[in-house]
Each structure stands twice: as C-alpha cells, then as structure tokens.
Amino acid sequence: MRRRWAWLLAQAAAFLLALWAAPRAEGLWRWLFPGIARPVWESQSWFVLLGEHLMLSLGAAAIAGTIGLAAAILATRPGGQRLRPLLDAVFSLAQAIPPVAVIALALPLLGFGAAPTLLALVLYASLPVMRGAVAGLDAVPPAVLDAARGTGMGRAGILARVELPLAMPVIQAGLRVAVVLSIATTAVGAVAGAQCLGTPIVTGLANGNMAWVAQGAVFTAWLALLADRALRLALAR
Amino acid sequence: MIRFEGVSRRYGDRAVVDRVTLEVPGGSICVLLGESGSGKSTLMRMVNRLVEPSAGRVLVDGRDVAQAEPEALRRGIGYVIQSVGLFPHWRVAENIATVPRLLGWEAARIAERVDALLALVGLDPARFRDRFPHELSGGQAQRVGLARALAADPPLLLMDEPFSALDPGTRRDLQVELRRIHARTGKTILFVTHDVEEALVLADELAVLEDGRLAARGRPAQVLETGADRTVRRLFGEESLAFHRLGTLPAARLARPEDAEDGLPVLPATASLKQALMLMLEQGTDRLAVPAEAGFPGGTLHWADLVRAA
Amino acid sequence: MAPRPAALSARATPEAAAPPREATAVALLAAGAALCPFLLGWLSVAPNRLLSPRPAELPMTPAVGPALGLFLLGCLAMLLLARRERLLPWAEAAAALALAALLATAGLGARAALEGASPLARAMPAAGTWLSMLLLALAAGSCAAGRGGTPARFLLLSALGAAALLAAGLLDGLSVVREAAARGGEIRAALGQHLALAGGALALALSLAVPLGLLALARPRLEAALMAVANGFQVIPSIALFGLLMGPLAALAAAFPALRGWGVGGIGPAPATLAIAAYLLLPLASALLAGLRVAGPGLLDAARGQGLTSRQVLLRLRIPLGRGVILGGLRVAAVQAVGLATLAALIGGGGLGALVFQGIGQLATDLILLGVLPVVALSLLVDALLAALQSALEVGR
Ligand SMILES: Nc1ncnc2c1ncn2[C@@H]1O[C@H](COP(=O)(O)OP(=O)(O)OP(=O)(O)O)[C@@H](O)[C@H]1O
Ligand SMILES: [Mg+2]
C-alpha cells in the first residue's frame, strides 16, 4: 500500500514536472511537429488550465455527489419509493443524450464559459452516484434492518450507523465514476468556452495546430488516468 | 469393468489422488466413500476424462480411456452430479434427450426413449415431459438427471453425490429407486458419497478414500469387520461401528432351524441384522420368527446370537 | 427485466386497485408539463436570424385553441390513467398525444405570431415549451419504468405524431423546421456519416471484443489484460483520445500515402472511428464475458460430462443462456457509439456533430437543435430496438 502511494506521488510529480517543462521544450515540439510555426502553447499557463480543470470538475462532482446521495436516500425511504420510476426514466433518457449535446443545448441559454459545462457535469455526474447509492442502500439485508430496529435505533440512527456504512463501498465506487466522468466531460466543455486542459485541443483543432492538440490531449489523458488511479487507491480496502 | 491402475493426480506438489489401484466389477454398485476433500470426485472424474491422471491409467472394459476421444467416451458413460446441472433453457424431454441427440438418433426413437425413462425413474411422462427445470422440485430434478444419464443406455454410470442436497425422506426414496433400477438394468455404477448410511444401502463394493489414498475396499461386511482400519472406524463412528456392521449382515444366516412359536414378530428372510435388532427393540422381544422363503427353510432368530455376531 | 418486489406485492394484495407506484411521479410530471409553458413562456420571436429572440405571447387564434385544449386534455388523461396499474400503457400513449398537441400548439402559434411580420422574422419554442417536452418524455419513461424502462410506445407514437404534423405543414412556422428545410441535404448527409461512424466503430469494436472475449474466457491473464486496457480507454476523456490518435495516424498516412485512399489520416473519420471503438471495448467485452458465464460451473460440468464438445457448450449453453446479458452490453455500446460519434466532427470526421459545432460557433440555437435532435432520436431508436430484441429473446426462452 505504502509503495503504491509513493509510486502514485512520483507519477503526480512527473505530471507537474511535464506541465512545467512543456512551454520550455520548444526544441522537442519543433522536432515532433516540423511543419508548425508556433508549436508551443503560450496563451495560458498549463498550471492555470490544470487549476481551472480541477476546480470545475471536482466542484461539479461535489455538487453532484450531494444531489445524487440525497436523491438516493430519499428514493430508498419507504415514502420515497414513488420517486423510483422517475429516477429510472431520468437514467434511461440521460443515456440517450450525450453530454456534449447538453452542453450545446445549454449554450444559448447560459452563454459561453463554464456555466453550460457545469450544468452538464452536475447532471451527468449525479447519475452514477445516485445509481450506486440506490443499489447499495437497496442491498442492505432486511434482516440487518430488522435487527437494528430491534435494538431500538431510530430511523436516522439506522441510516447513519447501519445503512450508509454498509452501502459505502458501492457509493464510493459511484463517486469514483462521477469524478472520472467529470474530468472527462470538463475537457469537452472547452468547445463551449470553459477554460481547462481541453482548451488547447479545441483551439489547436480550430487553428490546425496539431502540436497544441497533442499537448492538450496528453495532459488531459494523463490527468484522468492519475485521478482514476488515485481514487482506486484511496477506495481500496 | 473399471480398473484404476496406480492412478495419481497432483495439483502443484500435492497429491489429491495418490496411487489408487481399484477394480470395479461389471454390474455392481461401487461406492467411493470418504470425507470432504479426500479425492472422491477427482478419482471418479478420471473415468470420463474430466480430470487427467498425473500417473497411472484408467481402463474401462479393458481399454485405456486415455486412448479414447474424450467426447465420444463421455457419451458412452452416464454422469449424474449433486447440482444436477439440468440445462435451464431446455424442457425436461430435451434435457433427457441430450446425448441421444448428440448421437443423432431419430426423433421418434428419442421421444419413445424419453417417455420410457421418465416412467423408469418414477415420473409421469405426460405431466413432466414439457416442464422446464425450474418447475421441478429438487427430488424430481434429480430423477430427471438420472434419466438423462441413462438416456443412451450406457453400460456405466458415474454418480457424484447425487442425493446429497435432498431431504432425508426423498433421499431414501431415491436410494431405493436406484437399487431397483440397478436390479432391472444391471448397469455398473460408480457412486460417490460421504454419507455412510447411503453407502451401506447402495454398495455392493465399498472403497474408502482418505487423503487421496485407498484406505479400505471390499464388500461392506468385509470393510466393517472387527478391527477395521482406523480410517473406517473414524468415518463410521467408533461407537456405532457395530451397529453399522449389523446392517451388512443378513439375518437369515443366524436363524436357528427351529419352528417359530406363535405370536412372535415376523422378520422377512431378506432383512439385515440391523433391521432385526430394530424390530426386537420396538416389540420388546428377544426372539423373531423368520418364515421360510426361497432357499431358506425358516427358523427363529435369538437375541443372544445377534449380540454375538455384532 | 428488473424485478419489482414492491409493485408485485402491491399487485398481490386485495386492494390491488390502489394507485401504482408510478402514479405519483406521473402526476407531478404531467402537472408540471401542463404548467411550464404558461409560467415560462410558449414562444420566442426574433426579428431576424442574428438578433436574439424575445418572449412572445401565444396568439389564441381559432387554430391554436383546439391544439392547446388537446394538450391540456392529454396531460389530464395521463394523470388519471396512471392511477391504475393496468392503464399505465395508456398513460404512456396519452403522453405521446400531449407531446404531439404541444408541438401543434407551438407550430400553429408560431405561424400566427409571424403573420404580417417580415419574412426574416423567426419564431421558436420558448423555454417553457422545451421543458414541457422534457417532462412529458420523463412522464412516459416513468410509466414504462416497471417494464424495463424504454417507453417504446411513447417514442413510436410521438415520432408518428411529429411526422404527421410535419407532413401536414403545421410546424412550418418554427424556425428549426425552416432551417431544416433549407438544409435538408446537409442533414441527410450528416445523418449518413453519423450512422457510418457509429456503425463502423461498433463493428470494429465487436470484431476485437468478440474474439478476445472468447479467448479470455478460459485465460485469466488475458482477461485481466483485456479488462485493464478497456478500462483505461474508458478513463481517458474522449476528446483527448481523439487528439492522441491524430498524430500517429497523420504520421502513418505520411509514411504510407496509399493509406490515404482508405480514409486513413490525422483528421477525418479514421481516428474518430478508432477512438469510438476504443470506448466500446469495455461494455462489449465485459458483457460478453459476463454473459458467457451465466452458465455456471455445475452446468458446465454436467454438459462436459455428457460429452458436449467445447463448441457445443458455447453454442447450446453459454450463448443461449447469456444472450440477454450480451445483448444488454451491445445495447449500451450502440447507444454510446451514437453519442460519441457527435464528437467526431471536432476532428473533421463529419456526422451530426458538425451541425452542433457549427451551431456553437455561430451561437445558433436552431443549428444546434438540428444536430442534437437527430442524435437523441437515433439513440432512443437504437436503444428501443435493442431493448425490444432483448425482451423478445427473453420471452422466447
Ligand atoms: N482443479 C483443482 N485445482 C487444485 N486443487 C483441486 C482441484 N480440484 C480438486 N482439488 C483439490 O483436491 C482435493 C480433492 O478434491 P475432490 O473434489 O476430489 O474432493 P471430494 O472428496 O470430492 O470432496 P467433496 O466431498 O467435498 O466433494 C481437494 O482438497 C481440492 O481442493
Ligand atoms: Mg466431490
């Protein structure tokens, strides 16, 4: 476990080092992309883009996690069972609409910038949390709940001390998916003007600058893989 | 019929079956008895090559099974397992017809065979033919499993704890049924169990396994003789060994050739000494009348003789 | 089918006439759908294509009145029909009726609102109308939730209704319909490209996932490697994967110019198809493996013990028993393929995404809608078709 964390930290350090080195490695980019006049991305610092990317995706994941968990708790209470069909309908409809479509549809209403992306992020990231939490809470054996009631615990006590702890692994798995999904969807948000590691990709595509595309793509993919690994490690028992 | 010659099977450096040599005579029921993990299933599965021996060889009808093509070999050997393994998406009739269909029988012949087999295992063909496995009780499913194994009329049946998951009553019914079917068909049956009662009910031949080694073998009475092997004593229970032994001995042999007094409880000549003991305890008597039967002139069984025989 | 213990037990109790679980959600959604346009507006009108639209009143002409009435009636019918378990399919149909009536209301209203205005003026549904459509779709989905989740009846009826309204010219006043008429050829071409992208990627992914999945079935090492790679692809953001594939493919095309003839290059459909296929690997492979393992160890032992060859075990046991699960994976993958193909336009791969990104560039709502609506319709259609196939197979066993 220790060794894995150390290894992960080393990878994160390598990532940051690469971000620092990217604008300074003009020779490398010129060698890789000989035909491109300005292969170095200089519009913004990579660290600013990274910061914006993380703020947007983690912020959205936090909001989505809260919404998703609340909805799941509501839907698994006896009175909330009636919400289930609605949740099911939202799930199947959301599957049919790709996130980029939501971003595009929200664009005329919310304007260029981070807002359309944030909306899509919250919508899509809350689904895996909700699904995981509902599945986890549903899977608590009735006998356990019965035993808990038998010891005289109240409803809130049962939820906090029995149901949520038992459902936690599934909820956490849902959260991991939500965070990874957020990081990926944030990158798409660049097409609607959200500042993030996807910005150089979109800008590069618009200007035919493959060097920017490649740099943005490498750093975006790297960030996603790092985040995934870190979350898996943090949630591993 | 089946010969295991110095057969071993190793997983890693552990011998799960260790140099077993055993002969199963044709037409007999041979029971492999042993604790969980003693290697019974592994030994049995070498016969139809679901497991390959690491050393030694297995002969069926004098031919080394290693020379046979595995699928063809298996189609000629009936196979029944504890989990039954009926194919859930096929009806009972289709399940029973598995091997005949693989062998390319005609539809009419298959249909006829299916009905005959259902009747043989005690299920009404009209009622059960078109059911799906999930519409059967555990006992019914295992009867169908037995019918499926008998479908292509194989001379040899392998049965791996087929009745272990059933309730005691159903299990006893099926044991009786199996003996009946065996008497009618004369199949050679290799039967795995860890239940000593079941072993004694069924076995013509008994082979006791411990840690992959053959600890004892022979007719049940031989295996349970006084001073039996340590493994056998442990398996059958030190304190009930004598009782089990009574179960392997026929009552008629001990009866004194004297005319029975009137009013004595009557014991059939084919009963075992265990049944005689139970009847005496139940009726509170020390003598039983054993009426004459084919090959037995009739007589009286005494408590003292019974106790001495145990 | 997801089991529904609560609903089943409710059905078994004597008071089976009590409203089903779906009733509450459908009632709320129907009421919301009926109110939304009144609260948030029916229509917006813009003097021309460049100026932004402003809210407009719904003109109550003799044509609009009946359509509006039908819409409200549909919502009410939905609310009432959903109170009986038996009538839920009819509630779903009522949702389709309400949707068609809502479209008609908006279309006729737009036509009336533009009467006498300049030919450049444009009318479009306002936020209230859009939201109402969304709520109707969710209401229909809620009605269908107990039966596997795809409101096929609603989708079919509303598609028929919309087509009839379009054919009758009742929607001609809406700017998106005008835009569609002007760009008919472009849309058809984009749709064709989109289908080719999604279908090609699905075929490519299947041609990898099926043989690898079959091989991995009995090889834990290969399975671990396959799953690790497939998982890795899922984690990489799609836009980054598109970008990452461009460089190598451009280099490949530069080194072997003959490949260009096949469409291989840094931009275009080739990198897009590859990238989409990479995402489909996980749902396809994991569902395939899970499906092939539905037949458990006991069953496989019995089958092999009776002399079935491994090919027969696969064809007669593993596939028939696992086909529901396998098809479920195919369904997920196909829907994802349709969605992901939208991004292909970013790297010159064409498809409906081209309209979306063009619309984003011009901030033109109609253009965005012309791209998004067919994508959504296509995903829903693919999903409904495969769901129907899945349930047909499940019933047929
Ligand atoms: N494929 C295998 N790989 C490794 N070990 C195995 C394998 N198959 C069986 N074994 C081991 O061999 C031993 C004997 O197994 P076997 O199934 O023959 O026992 P058994 O006597 O049939 O037991 P039970 O009554 O529980 O069925 C067990 O310890 C088991 O763990
Ligand atoms: Mg066994």
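Here are some notes on this predicted model, taken chain by chain.

1. **How the chains meet.** Start with the overall arrangement. There are 2 pairs of chains in contact, and the pair sharing the most contacts is A and C. Chains A and B, on the other hand, do not touch, and their nearest C-alpha atoms are 25 Å apart.

2. **Chain C as a whole.** You'll find 15 helices and 3 strands in chain C. Its C-alpha trace spans about 80 × 70 × 30 Å along the principal axes. Of its 397 residues, 52% count as buried. Looking at contacts in chain C with a separation of 6 or more, 77% come from residues 24 or more positions apart.

3. **Helix H3 of chain C.** This helix covers residues 64-81, which is 18 residues, and runs 26 Å from first C-alpha to last, close to the 26 Å expected at 1.5 Å a residue. Its buried residues are Val64(C), Ala67(C), Leu68(C), Phe71(C), Gly74(C), Cys75(C) and Met78(C). Viewed down the axis of H3(C), the buried residues fall within an arc of 115°, so they line one face of the helix. As for what lies over the buried residues of H3(C), the cover includes helices H2 (22-40), H4 (88-114) and H5 (127-144) of chain C.

4. **An arginine worth a click.** Arg122(C) belongs to strand E3 (residues 122-125) of chain C. Is Arg122(C) buried or exposed? Its relative accessibility is 12%, and because the cut-off for buried is under 20%, Arg122(C) counts as buried. The side chain of Arg122(C) makes a polar contact of 2.6 Å with the side chain of Asp366(C). Leaving aside residues up to four places away in sequence, Arg122(C) also touches others, among them Ser44(C), Val45(C), Asn48(C), Leu114(C), Ser175(C) and Glu179(C).

5. **Ligand 1 and chain B.** Which residues surround ligand 1? They include a run from Glu35(B) through Ser36(B), Gly37(B), Ser38(B), Gly39(B), Lys40(B) and Ser41(B) to Thr42(B). Tyr11(B), Arg14(B), Val16(B) and Glu161(B) are also part of the surroundings. For individual distances, a polar side-chain atom of Lys40(B) is 2.8 Å from an oxygen atom of ligand 1. Backbone atoms take part too: a polar one of Gly39(B) is 3.0 Å from an oxygen atom of the ligand, and a backbone N or O atom of Ser38(B) lies 3.2 Å from a ligand oxygen atom.

6. **Helix H12 of chain B.** In H12 (residues 241-248), the buried residues are Leu241(B), His244(B), Arg245(B), Leu246(B) and Thr248(B). Helices H9 (196-202), H10 (220-223), H11 (230-236), H13 (273-283) and H14 (303-309) of chain B are among the elements covering them.

7. **Chain A against its UniProt record.** The unreviewed UniProt entry puts "domain: ABC transmembrane type-1" at residues 50-231 of chain A. In the model that stretch of chain A is 83% helix and 0% strand, with its end C-alpha atoms 18 Å apart. The unreviewed entry also places "transmembrane region" at residues 45-74, 86-107, 173-192 and 212-231 of chain A. Residues 86-107 of chain A come out as 91% helix and 0% strand, with end C-alpha atoms 26 Å apart. For residues 212-231 of chain A, the model gives 100% helix and 0% strand, and the end C-alpha atoms are 28 Å apart.

How values were computed: Residues are numbered from 1 along each chain as its sequence is written. Chains are lettered from A and ligands numbered from 1 in the order in which they are written. Side-chain values use heavy atoms; hydrogens and water are left out. Helices (H or I, at least four residues) and strands (E, at least two) are DSSP runs, numbered from the N terminus. Buried means under 20% relative accessible area, exposed over 50%, partly exposed in between (1.4 Å probe, protein chains only). A polar contact is a pair of N or O atoms within 3.5 Å; within protein, one must be able to donate a hydrogen and the other to accept it, and residues adjacent in sequence count only if both atoms are side-chain atoms. Contact means heavy atoms within 4.5 Å. The expected span of a helix is 1.5 Å times one less than its number of residues. The arc is that of the directions from the helix axis to the C-beta atoms. UniProt positions are given in the numbering used here, feature names are shortened, and annotations may be inferred rather than shown by experiment. A residue is near a molecule or strand if one of its heavy atoms lies within 4 Å of it.
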